[in-house]
Amino acid sequence: MGRSEENGRADAWAVTVREHEQRSGPPPRRPARPAGRPLARRQDLRIHGTTGKISCVDDSGRTRWTSPCSGRPNAAHISGGRVLVTTDSLAYTPWGNLGPALLLDLADGSLITELRGERGAALGGGRFVLGLAGYDAFDTWAYDRDGTLYDSWRSYGHYVVGTGIRVVETDRKLPTGSRVVRLLPGGAVDRGPLLTDPQTPSPLVLADGTILVLDAGVLRAVGRRLEDTVLAELLPVDPEEAWRYHGALHRTGDELTVTLTERHPDRLGTADEHTFRTWTLALHPNGAGLRPGPSVRHDGEQCRDDGDR
């Protein structure tokens, strides 16, 4: 999912652990999208998706238009009178359940063009980026409002857009070559810090543009200049074992919730097949932003970094 950025430094933030919980249990259910929650919204318009259908509804509840699709919409991005909708296929394909990405006219829902991609983000003026990974693909493409390709990069992951485009890469390989990068015109890629996890969860973006990344059990902050610092070592995970863990980041006000689910292959079908860990963290400015604050070990002990990594 694309996220916006402003201006920020990785060392401008610190966290403090407030709570840590751990429990065991059966496999978690995949959370369903809350009923009525739109895929995207812009001013008084909301884009909704159900199997076989995309619709645009205004704040009065009136349906402005409905457009058919061959799959199940999973995300939408709006820019300059256009909407890009990615979908899941109803049938298994060589690309798994990847469905077509549809570029629609926001005014009436008419199809501009059909594209291929798993994850997208909105730029300005009806432009979008769309990416895909798998087989030999590890690519991001930029399209204009008519669906014409105008740039491409050898990079893929979670997109953070604003004055530029940053990517928290997810190459799904071991050893991973994933980094936090910035996409530059003409296909150039400015490569930032190397990640440990080949498939990090969706990051959080703070108001100043700092990206918070949960990287193999370690919470990291990456600034707009791609400098990074460790905020908390919650449960550092060996890269070879990363496939057994699934993490998530959530923010409410000045509080962060970090969840890490560990799967135990030797306990399949048992009541303790998974271990669920949750940390509640206080997020606060780190003084004048001149140096990193204390990072936190998973046992709660405080340790101080000597400077930027």
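Student: What makes strand 3 (residues 40-42) and strand 4 (residues 45-50) a pair?

Tutor: DSSP must find at least two bridges between two strands for them to pair. Here 3 bridges join strand 3 to strand 4, and the two run antiparallel, so they qualify. Strands themselves are DSSP runs of E, at least two residues long, numbered from the N terminus. This is a predicted model in which local features need pLDDT of at least 70 and side-chain atom pairs pLDDT 80 or more, while totals for chains, interfaces and linings use all residues. Residues are numbered from 1 along each chain as its sequence is written, and side-chain values use heavy atoms, without hydrogens and water.

Student: Which residue stands opposite Arg-41, and what lies between the two strands?

Tutor: Arg-41 faces Arg-46 in strand 4. Strands 3 and 4 form a hairpin with 2 residues between them, and Gln-43 in that turn has a positive phi of about 55°.

Student: How do you know that strand 4 also pairs with strand 5 (residues 53-58)?

Tutor: Strand 4 and strand 5 share 6 bridges in the antiparallel sense, and the requirement is at least two, so they pair. Thr-50 stands opposite Lys-53 in strand 5. This hairpin too has 2 residues between its strands, with Gly-52 in the turn at a positive phi of about 85°.

Student: What makes Tyr-156 and Tyr-159 an aromatic pair, and of which kind?

Tutor: A search of the whole structure finds 1 aromatic pair. Its members are Tyr-156 and Tyr-159, 6.5 Å centre to centre with 90° between the planes. Rings of Phe, Tyr and Trp (its six-membered ring) pair with centres within 6.5 Å (planes under 30 degrees apart are stacked, over 60 edge-to-face, the rest tilted), so this pair is edge-to-face.

Student: Are those two tyrosines buried or exposed?

Tutor: Buried means under 20% relative accessible area, exposed over 50%, partly exposed in between (1.4 Å probe, protein chains only). Tyr-156 has 0% and Tyr-159 has 0%, so both count as buried.

Student: How do you know that the charge of Arg-23 sits over the ring of Phe-276?

Tutor: The charged end of Arg-23 lies 4.4 Å from the ring centre of Phe-276. The limit for NZ of Lys or CZ of Arg is 6 Å from the centre, and within 35 degrees of the ring normal.

Student: How confident is the predictor in the chain?

Tutor: On the pLDDT scale, a per-residue confidence from 0 to 100, the chain has a mean of 87, and 86% of its residues reach 70 or more. Residues 288-309 stay under 50. Where pLDDT is low, the predicted coordinates should not be read in detail.

Methods: Contact = heavy atoms within 4.5 Å. Helix = DSSP H or I, 4+ residues; strand = E, 2+ residues; numbered from the N terminus.
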